[in-house]
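Student: I am new to this structure and would like to go through it step by step. Could we look at it together before I ask about its parts?

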Amino acid sequence: GTPRSSRGAMACGDEDGADLAAAFPPLFEVSAHTPALLRGPTSRSSWLIPGRVLCGDRSTVEEQDGPKRLARAGVTAVACLQTRQELRDAAVDYRLRFTEAVGTGVARFLRLGIPDQQTASDDAVEGFVRAVWDAAAAGAVVY
């Protein structure tokens with residue numbers, strides 16, 4: 001079954017945690033080289049899991065060359081926390097730019113729309129985390 005804590009959120013450490021963790025690079029020792037290891041391909045991005053999960057802000061995917069820089073870093077999926085309305089109101093359709101940079105058959109988009117100043121339900125967050133985890137475990141590099 002899915003690893004769970006007492007609140008129903010995912011947790012690592014029980015029987016499935018080892019199988020899931022095997023899909024990711026091993027943890028590394030923190031050293032003087034750690035900042036360079038975690039530095040992302042843009043000025044507003046950092047590796048959460050080096051080579052697998054990259055975090056950053058929306059401006060990176062909206063910049064003219066942002067999607068191309070993400071693609072050069074191997075990113076194939078974007079995890080988005082914006083609502084449908086926020087995506088409609090955006091000045092730039094980053095999904096189109098990202099798809100052009102990565103390729104139509106490659107680009108994936110994962111979304112959990114959370115309105116500003118609000119939170120999502122535990123079940124919604126668990127489903128989103130699972131989708132991001134599954135995508136990364138299957139070989140996607142997620143931004």
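Student: How many residues does the largest nonpolar core have?

Tutor: This is a predicted model, so what follows is computed from predicted coordinates. The residues with the most contacts inside the largest nonpolar core include Leu54, Leu70, Phe98 and Tyr143. Counting the members of that core gives 14 residues.

Student: Which helix gives the most to this core?

Tutor: Two elements, strand 3 (77–80) and helix 6 (94–102), each supply at least two residues of the core. The one that gives the most, with 3 residues, is helix 6.

Student: Which residues does Val61 touch, not counting residues up to four places away in sequence?

Tutor: Val61 is among the residues with the most contacts inside the largest core. Once residues up to four places away in sequence are set aside, the residues that Val61 touches are Pro67, Leu70, Tyr94 and Tyr143.

Student: What is the bridge partner of Ser46 in strand 2?

Tutor: Strand 1 (residues 45–49) and strand 2 (residues 53–56) run antiparallel and are joined by 4 bridges. Their hairpin has 3 residues between the strands, and Gly51 takes a positive phi near 80° there. Within strand 2, the partner of Ser46 is Cys55.

Student: What percentage of the residues in the protein is buried?

Tutor: The protein comes to 7 helices and 4 strands, and it has 143 residues. Of these residues, the buried ones make up 33%.

Note on methods:
Residues are numbered from 1 along each chain as its sequence is written. This is a predicted model: local features need pLDDT of at least 70, side-chain atom pairs count only at pLDDT 80 or more; totals for chains, interfaces and linings use all residues. Side-chain values use heavy atoms; hydrogens and water are left out. A nonpolar core is a set of buried Ala, Val, Leu, Ile, Met, Phe, Trp, Tyr and Cys residues joined through side-chain atoms within 4.5 Å. Buried means under 20% relative accessible area, exposed over 50%, partly exposed in between (1.4 Å probe, protein chains only). Contact means heavy atoms within 4.5 Å. Two strands pair if DSSP finds at least two bridges between them.
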